[in-house]
Amino acid sequence: MSTTRPYSPGDRGPEPSGASGASEGGVPGSGESEGGVSAGHAAVIGASGSPSAPPSPSMGTSTGASAGGSGRGGGRQVRRLSFDDQSGVVPLARDFTRQALHAWGWLPSATADQRAAAEDVLLVVSELVTNACLHAEGPDELWITCEKKVIRLEVSDRGTGQPAPRTPHRAGRPGGHGMFIVQRLCLDWGVVRTPGVAGKRVWAELGAPG
């Protein structure tokens with residue numbers, strides 16, 4: 001297994017070779033649902049496993065139990081969403097993530113800083129899933145891990161490309177903002193590949209305020 005960190009947070013890396021010039025970010029034109037997850041395969045996993053090498057529980061809807069109480073002060077908690085044969089994957093991922101944030105105490109937010117932190121998590125999920133849709137034939141799974149006030153997001157896909165913010169970044173130019181947003185909002189991010197296994201996992205970590 002190899003982990004690639006294209007560059008440090010805040011440092012803008014080069015344009016990936018062979019880039020198509022398509023937008024790396026933004027949410028597809030379909031409207032976003034604000035309700036609960038009604039489709040997809042979701043699983044709630046306990047404290048075993050590693051974020052960089054996720055466990056593989058059987059698929060199901062809300063199976064298992066999270067460990068350690070509230071994510072802000074409890075033990076490690078993991079949730080997984082499969083996108084197999086699903087449409088509207090961006091709103092699906094946001095709804096799933098929103099439910100996890102409620103379960104782990106990030107929502108509802110008591111302060112403006114806490115609300116901003118939760119909104120950042122939802123935005124990064126949108127950008128990672130959208131990037132997989134635009135450049136990697138769609139996402140396979142979303143993993144969300146909460147431990148010690150840090151949320152780790154992982155989106156797996158079968159793509160061979162290397163995500164990177166477009167440089168130089170120009171705010172007024174259409175498209176190309178997704179990974180720039182991820183870079184700016186996250187504590188760290190990178191790409192994990194497993195030798196002999198097609199695809200990759202793009203991960204990002206965000207911290208809770210205070």
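What follows is a working chat about the fold, the strand pairing and the core of a predicted model.

User: What does the secondary structure of the protein chain come to?
Analyst: In this predicted model, the protein chain has three helices and seven strands, and read along the sequence they follow the pattern β-β-β-α-α-β-β-α-β-β.

User: And how much of the protein chain counts as buried?
Analyst: Of its 210 residues, 45% count as buried, while the protein chain exposes about 9,400 Å², with carbon and sulfur atoms supplying 51% of that area. As for contacts between residues at least 6 apart in sequence, 69% of them join residues at least 24 apart.

User: Let's go to strand 4. Which strands is it joined to by bridges?
Analyst: Strand 4 is joined to strand 3, residues 77-82, by six bridges, and to strand 5, residues 150-157, by eight bridges. The run is antiparallel in the pairing with strand 3 and also antiparallel in the pairing with strand 5.

User: What sits between strand 4 and strand 5?
Analyst: The two strands form a hairpin with two residues between them, and K148 in that turn has a positive phi of about 55 degrees.

User: Is strand 5 largely enclosed or open?
Analyst: Strand 5 is largely enclosed by the rest of the structure, because seven of its eight residues are buried. Strand 4, residues 139-147, is mostly covered as well, with eight of its nine residues buried.

User: What about strand 5 and strand 7, how many bridges there?
Analyst: Eight bridges join strand 5 to strand 7, and the two run antiparallel; within this pairing, S156 stands opposite R201 in strand 7.

User: Switching to the largest nonpolar core, which residues have the most contacts inside it?
Analyst: That core has 37 residues, and the ones with the most contacts inside it are W106, L128, L142, I151 and L153. Among the elements that each supply at least two residues of this core are helix 1, strand 4, strand 5 and helix 3, but the largest share, nine residues, comes from helix 2.

User: How far does helix 2 reach?
Analyst: Helix 2 has 24 residues and reaches 34 Å from its first C-alpha to its last, which is close to the 34 Å expected at 1.5 Å a residue.

User: Back to L153, what does it touch?
Analyst: Leaving aside residues up to four places away in sequence, L153 touches V121, V124, V125, L128, W143, I144, V202, W203, A204 and L206.

User: And M179, where is it and is it buried or exposed?
Analyst: M179 lies in helix 3, residues 178-185, and it counts as buried because its relative accessible area is 0%, under the 20% cut-off. The C-alpha atoms of M179 and L128 are separated by 7.8 Å, although the two residues are 51 apart along the chain.

User: Last one, D95: which side chain does it have a polar contact with?
Analyst: The side chain of D95, a residue of helix 1, has a polar contact of 2.9 Å with the side chain of R98. D95 is also buried, since its relative accessible area is 3%.

Technical notes:
Residues numbered from 1 in each chain as written. Predicted model: local features only at pLDDT ≥ 70, side-chain atom pairs only at ≥ 80, totals over all residues. Heavy atoms only, no water. Buried < 20%, exposed > 50% of the residue type's maximum accessible area, 1.4 Å probe, protein only. Helix = DSSP H or I, 4+ residues; strand = E, 2+ residues; numbered from the N terminus. Pairing = 2+ DSSP bridges. Polar contact = N/O pair within 3.5 Å; in protein donor to acceptor, adjacent residues only side chain to side chain. Core = buried A, V, L, I, M, F, W, Y, C linked by side-chain atoms within 4.5 Å. Contact = heavy atoms within 4.5 Å. Expected span 1.5 Å × (residues − 1). Areas by Shrake-Rupley, 256 points an atom, 1.4 Å probe, with all protein chains shown as cover.
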